[in-house]
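Hi,

Here is the structure I promised to pass on to you. Please have a look at it first, and then read my notes below.

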Amino acid sequence: MAAEPERDDPAAPTPELEREFLALVARHVPAGLEISTESTVAGDLGLDSLTIMELFAEVEERFGVAIADDRLMELRTVGDVLRLIAAELRARGGAPR
Amino acid sequence: MSDLTIGEALEEAAKRAEPTRGYTFVRDEGQAEPFFSFAGVERASGRYGGALQALGLRRGDRVALVLPESDEFIFTFLGALRAGLVPVPMYPPLGLGQLAGYLDNAKHIVGRSGARALVTTSNIKRLLGTVEAACPTLRSVVAVEAIRSAREALRPAKVGPDDVAFLQFTSGSTSRPKGVMLTHANIAANVRAICREGLGLREGDVGVSWLPLYHDMGLIGFVLAPLYERIPVALLSPFAFLRRPALWLRALGRHRGTVSYGPNFAYALCVKRVRPRELEGIDLSAWRVAGCGAEPVRAETLRAFEEAFSPFGFSPKAFVASYGLAESTLAAAFSPVGQGARVDVVHGPTLWQDGMARPVSRDHDEAVELVRCGRPFEGHQIAAFAEDDAESERPLPERVVGELRLKGPSTMRGYFDDRDLSASAMAGGWLRTGDLGYVADGEVVPCGRSKEVIIVNGRNFYPHDIEWFSGQVEGVRKGNIAAFGVDGPAGDRERVVVVFETPLMGERERVVLAGRVRSAVQEGLGLTVDDAVAVAPGVLPKTSSGKLQRLLARRLYLAKALSGRDPPRAQDRLDLAKELLRSQLSYVATRTLGQRPAR
């Protein structure tokens with residue numbers, strides 16, 4: 001487990017992971033739209049269900065982490081997805097690439 | 001030939017089909033693909049049916065199914081049928097953060113169907129507490145895991161061809177989901193027409209499908225039809241397909257699939273998302289029927305698909321366009337197999353102004369391409385009627401646009417427990433489809449939904465076309481656009497309104513975007529848009545299965561309730577947390593406090 005002693009919350013995504021994930025998301029939203037971990041994926045960013053599926057496929061390709069279909073209902077914000085990816089990476093015992 | 005019930009069809013297939021035939025459940029690539037011969041399906045479904053009977057369910061009881069995994073869905077569905085129960089397929093809660101809307105819809109379907117039991121996974125069961133609390137007829141919510149491990153013997157029920165087999169809930173563009181009642185005879189008749197006449201099924205055919213099984217095309221087309229005809233099928237999860245569309249094409253190649261179906265959007269998704277390297281070594285040349293239906297087929301989508309995938313052996317001759325609706329079991333007409341998509345090229349203004357489909361050459365400036373969906377199946381009839389022809393007395397001549405109406409052995413028994421709605425679906429013995437279209441050379445050519453057509457200066461415009469052109473503008477959310485007409489101030493002509501979703505919030509950006517939408521429609525259709533309205537994502541009303549509700553959007557617009565409408569973003573995490581909690585609490589309450597008997 002890639003624990004980072006300087007962080008309070010060991011479950012928090014690393015800044016690198018956050019940056020990379022936001023970059024993936026940015027490819028699906030119109031230029032000029034601000035993206036933060038607080039943005040809701042379907043609401044603020046306007047991603048429709050097909051685009052969300054595409055994004056998750058990219059997450060799987062990039063981070064090697066699959067987001068289970070039955071977790072989707074619980075995910076609303078960019079931060080929710082990030083935390084899930086971080087948790088999956090930790091569970092797998094690998095550090096984010 | 002006598003009609004077999006679905007249960008009898010399964011027993012016959014188990015007895016007579018080669019043991020290599022049945023359902024293959026395609027998992028993630030690299031994983032084993034479990035295979036069940038029809039005999040294996042008969043055994044498994046027998047155990048599931050026995051377990052349902054052991055719950056105290058009796059003949060004719062409705063049982064709702066919320067099962068995302070294809071194998072469990074099929075075993076429970078067939079088991080319920082053989083136990084004499086009436087299954088009610090429902091879609092699983094899988095939208096991103098849309099629990100409240102999902103639960104609302106689930107309550108409606110469970111309530112309307114009067115289901116006594118609901119079978120789901122233990123994960124989803126956690127979320128369904130409020131459904132159980134809100135539906136007094138529902139006696140138990142059962143986790144499929146318990147059913148899977150049950151060892152109760154099935155006591156087969158005596159079921160006849162005229163008994164209701166299952167309820168197919170469909171969501172219209174104007175109303176809440178309605179429960180279509182289909183009998184075993186409906187299924188047998190439609191399946192026979194589809195397989196023998198429509199597909200010309202032959203030895204060696206293999207079906208491949210990613211279509212959801214809680215929807216008619218997936219369930220009837222790729223679970224029930226193969227059972228009656230004893231052909232092997234490979235089934236993928238719809239979510240796997242949506243994530244990685246290449247999996248569909250790869251499965252077609254691997255299984256030498258010959259018959260596969262999808263709505264127009266599935267073909268467009270492949271063009272957009274499949275990369276050539278994902279198809280390395282894949283051969284699609286066995287694919288002889290690439291069916292399109294369920295939503296308007298666009299000729300340009302099919303051309304793009306052909307261009308992208310003919311290098312992998314795909315033949316454009318495989319395209320088959322079909323027409324049908326859940327109220328008529330599944331399909332009513334197929335274009336001839338082996339000829340590819342055929343279009344009727346007509347003069348746009350004459351079509352819109354006069355409701356006449358006048359053929360013109362393809363390079364005519366005002367040419368419009370409409371996809372021909374073939375002749376109705378034997379014993380079935382399709383004709384266009386004037387909307388006010390309440391008794392269907394005067395079928396319109398060829399090439400005159402009217403409401404398409406159907407007649408024949410595939411027509412539903414009615415909507416469950418709703419006499420008024422069932423009566424209003426019929427006109428003098430014909431089923432009203434609400435679709436506009438015409439007949440040309442005996443073939444049906446659909447062109448839109450009649451209630452939604454916008455008439456400007458005597459010209460008819462179809463919302464699909466206006467929305468398609470609006471969706472080409474960058475920054476507009478494709479598929480989240482509603483075009484409709486409203487009465488002008490003097491009632492003289494309809495004003496054309498386009499409401500589109502965009503994540504852009506800035507006032508200036510939105511004004512610019514609205515201007516671009518206007519020009520796109522002007523250039524594409526020669527139609528002036530009177531009002532183009534930008535709204536936040538999620539504001540436009542949709543059915544929970546994702547179909548846009550144009551007429552509802554129109555009502556909200558007129559009530560000036562659209563821009564003030566709460567998009568999902570206004571509903572914060574707290575609401576979600578509350579809804580989750582409520583759901584789980586009422587589940588606990590019904591279980592442990594004994595507010596209602598567990599069974």
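Let me begin with confidence, since this is a predicted model. Chain A has an average pLDDT of 80, and 86% of its residues score at least 70. Within chain A, helix α1 (residues 15-26) has the highest confidence at 92, while helix α2 (residues 49-63) has the lowest, at a mean of 86. Please take care with residues 1-7 of chain A, where the pLDDT is below 50; beyond near neighbours in sequence, that stretch makes 6 contacts in the model.

Next, the contact between the chains. Chain A contributes 24 residues and chain B contributes 34 residues. On the side of chain A that touches chain B, 14 residues are nonpolar, 4 are polar and 6 are charged.

Chain B also holds an open sheet of 4 strands, paired in parallel in the order β4-β3-β5-β6. Because β4 (86-89) and β6 (140-143) of chain B each have a single partner strand, they stand at the edges, and one side of each is left without a neighbour in the sheet. On average, neighbouring strands here are turned by 25° against each other, direction ignored.

Inside that sheet, strands β3 (residues 62-66) and β5 (residues 117-120) of chain B run parallel and are joined by 4 bridges. Helix α4 (residues 99-113) of chain B lies across β3, β4 and β5 of chain B, and runs at about 160° to β3(B).

Best wishes

Key:
Residues numbered from 1 in each chain as written. Chains lettered and ligands numbered in written order. Predicted model: local features only at pLDDT ≥ 70, side-chain atom pairs only at ≥ 80, totals over all residues. Contact = placed C-beta atoms within 7 Å. Nonpolar A, V, L, I, M, F, W, Y, C, P; charged D, E, K, R; others polar. Pairing = 2+ DSSP bridges. Helix = DSSP H or I, 4+ residues; strand = E, 2+ residues; numbered from the N terminus. Axes fitted to C-alpha atoms, helices over the stretch in contact; angles between N-to-C directions. pLDDT = per-residue confidence, 0-100.
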